[in-house]
Amino acid sequence: MGPVMEPTILITGGSGYVGRRLVRRLTEQGRHLRLLLRPTSDVTWLRDLERPPEVIHGDLEDVASLKGMAQGIHQVIHLAHIRYARSVAATIDANTESVVFVSSLRALSKIPCTSVDLVLGGEQAASTVPGAIILRPSMIYGPGDDRNISRLAGWLRRRRWLPVMGARHLHQPVFVDDVIDAIIAANARAVEGVFAIAGPDPMSYAELILAIGSVLGVRPHLVSIPSTLSIAFLRLWQHLPLSQPVDVAQVRRLLEDKVYDIGRARTLLGFAPRSFSDGLKLALTKEEVLT
Ligand SMILES: NC(=O)c1ccc[n+]([C@@H]2O[C@H](COP(=O)([O-])OP(=O)(O)OC[C@H]3O[C@@H](n4cnc5c(N)ncnc54)[C@H](OP(=O)(O)O)[C@@H]3O)[C@@H](O)[C@H]2O)c1
């Protein structure tokens, strides 16, 4: 019997926040990776890896630039935005054993807007791939600039007050390493279909901010902004020739409860996300070497 061939995993979005951590984890496990990156993607961080992966260049906006991307590939992890699922579906061939698409729990939002439509359209394209696995994370947080919790923490480090909308609405953020565990499990197991990937417990936005304050050793003062007033203000702003910091749909999404059932991921992927308080301690106190 000849040597067992190690599968090669194609990863899109490998230069992003989740992607860099996933690539580091998989290369540490000795996995063969091929990264699809744009010619403009930052690759300096790859130099720190003991076994830098193969890199090919292409742009998911331009299917012609993806020629050869999936040649000799056994598994695919699509981490770049789910709206590019159609490009991935068009490029892979019959030899691909598994495709994990990372989407977003935004798919469940009831607020009609372009960003939700893009996720739903992407998932539709993903589901045309036989055996497709679609992981839908909630808000992802972790060490470094996660662009979510880290921004709130940055504000609270400088000021003791915070303007808030939707303080009582529920959130279920998930720690970045738990998302990576779910991706690796989905890639390795004989599963298919859609999985919600969120933290173990929902909490109100006010509780979330107070928990950040507690890790930072500050007691934030929450200044409530009436949402009806903000929406009316933003509707007026739309008519001005000025760019808007947030739009009406974003504000309305803040006022949705984001509570998810992660039972399927627990059962089929062995998903066991850490508590928000444990994740926060790692996110806000751990030395970050990657970004
Ligand atoms: N972060 C969250 O809270 C969150 C929550 C739910 C779901 N998600 C989903 O999880 C996935 C990973 O999130 P993330 O925060 O790590 O994303 P991110 O940091 O924004 O990274 C996006 C990645 O996609 C690549 N990319 C973007 N456009 C591309 C194109 N046209 N062609 C090829 N590559 C392209 C980027 O490459 P460049 O380096 O060249 O820009 C980058 O590697 C995304 O699909 C995201 O929608 C994230």
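Helices α6 and α10 are oblique to each other, a class for angles that are not under 35 degrees (roughly parallel), over 145 (roughly antiparallel) or 65 to 115 (roughly perpendicular). The model is predicted: local features need pLDDT of at least 70, side-chain atom pairs count only at pLDDT 80 or more, and totals for chains, interfaces and linings use all residues. Residue numbers start from 1 along each chain as its sequence is written.

**Helix pair α6 and α10**
- Helix α6 covers residues 205-216 and helix α10 covers residues 276-285; helices are DSSP runs (H or I, at least four residues) numbered from the N terminus.
- They pack at about 50°, with axes 10 Å apart; axes are lines fitted to C-alpha atoms over the stretch in contact, and angles run from 0 to 180 degrees between N-to-C directions.
- The crossing of α6 and α10 is right-handed, that is, the near helix is turned clockwise from the far one by less than a right angle.
- From α6, Ala-211, Ile-212, Val-215 and Leu-216 meet Phe-276, Ser-277, Leu-280, Lys-281 and Leu-284 of α10; contact means C-beta atoms, placed from the backbone, within 7 Å.
- This contact has seven nonpolar residues, one polar and one charged.

**Domains**
- Domain 1 spans 8-137, and domain 2 comprises 141-174 + 200-258 + 274-291; the bounds come from an automatic or database domain assignment.
- Their C-alpha centres lie 27 Å apart.
- Domain 1 gives eleven residues to the contact and domain 2 gives eight.
- Helix α1 (residues 17-28) supplies the largest share of the domain 1 side, four residues.
- By class, that side of domain 1 has six nonpolar, one polar and four charged residues.

Note on methods
Helices (H or I, at least four residues) and strands (E, at least two) are DSSP runs, numbered from the N terminus. Two residues are in contact if their C-beta atoms, placed from the backbone, lie within 7 Å. Ala, Val, Leu, Ile, Met, Phe, Trp, Tyr, Cys and Pro count as nonpolar, Asp, Glu, Lys and Arg as charged, and the others, Gly among them, as polar.
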